[in-house]
Amino acid sequence: MKKIFLFFISLFVFLACDGYNTNFPPPTAEMKLQQVFPESLGKYPRKGIKAMNPNKQKAFLAVYGESDASIQLIVLASHNDANLYFKKFIVPEIDNLKNHSRGKVNGKWFGKGKGPNKELHYRWVNDKYIFAIQAKDKETFAVVVDGFSYIAKK
């Protein structure tokens, strides 16, 4: 009984410390990339949207400012595929970050941490999509969260 109680307390603390809501409707198939990635985030204009192919998956990267922040979108075939991809490829990357945490809550993976240059990373699964935000510091990260439709501060 004590172990169950400690598990639920740990889970509550883990969830309460996350601080971000990512439970938003995902992009629709009809949306253009320019609708998914904002033209600017605060004072940081979008420098472009680049198609990518990480691990043979369809993906896009939008860079803001002078590489002050970026948002990546990876598109998979299903929610299950997104979760499997996250576990196989993203979890090891998150585990290499400083001060990192990650987990699967209500069937959705998320993870966060600090990179070697103290940049902030936040990644999550939303339906068949994986979103990844990277920002140079806390202030820039807050600007990205305020300007991006698929994440909000709790």
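How many bridges pair strand β3 with strand β4, and in which sense do the two run? I started my notebook here, keeping in mind that this is a predicted model.

**Entry: the β3–β4 pair**
I looked up β3 at residues 44–52 and β4 at residues 58–64, and found them paired in the antiparallel sense over 6 bridges. For one partner along the pair, I picked Arg-46 and found Tyr-64 of β4 as its bridge partner.

**Entry: the whole sheet**
Next I traced the sheet that holds this pair. It is open, has 8 strands, and I read their order as β2-β3-β4-β5-β9-β8-β7-β6, with antiparallel pairing. At the edges I noted β2 (40–41) and β6 (98–105); each has a single partner strand, so one side of each is left without a neighbour in the sheet.

**Entry: helices on the sheet**
Which strands does helix α3 touch? I listed β5 (69–75), β6, β7 (108–114), β8 (120–126) and β9 (129–135) for this helix, which covers residues 79–95 and packs on the sheet. I also jotted down its direction, at about 20° to that of β7. Then I turned to helix α4, residues 138–147, and saw that it lies across β2, β3, β5, β8 and β9. Against β9, helix α4 runs at about 145°.

**Entry: salt bridges**
Side chains of opposite charge can pair when their charged atoms come close. I found 4 salt bridges in the structure, and I wrote up some of them.

- Glu-66 and Lys-47: their side chains meet at 3.3 Å, N to O. Glu-66 sits in the loop between β4 and β5 while Lys-47 is in strand β3, so this pair ties together parts 19 residues apart in sequence. I marked Glu-66 as exposed, because its relative accessibility is 65%, and exposed means over 50%.
- Lys-136 and Asp-68: I read 3.0 Å between their closest N and O atoms. This pair links distant parts of the chain, with Lys-136 in the loop between β9 and α4, Asp-68 in the loop between β4 and β5, and 68 residues separating them.
- Arg-102 and Asp-95: here the side chains meet at 2.7 Å, N to O.

**Entry: buried or exposed?**
Is Asp-68 buried or exposed? I put Asp-68 down as buried, because its relative accessible area is 13% and the cut-off for buried is under 20%. For the Arg-102 and Asp-95 pair, I noted Arg-102 as partly exposed at 32% relative accessibility, and Asp-95 as partly exposed at 31%.

Key
Residues numbered from 1 in each chain as written. Predicted model: local features only at pLDDT ≥ 70, side-chain atom pairs only at ≥ 80, totals over all residues. Heavy atoms only, no water. Pairing = 2+ DSSP bridges. Helix = DSSP H or I, 4+ residues; strand = E, 2+ residues; numbered from the N terminus. Contact = heavy atoms within 4.5 Å. Axes fitted to C-alpha atoms, helices over the stretch in contact; angles between N-to-C directions. Buried < 20%, exposed > 50% of the residue type's maximum accessible area, 1.4 Å probe, protein only.
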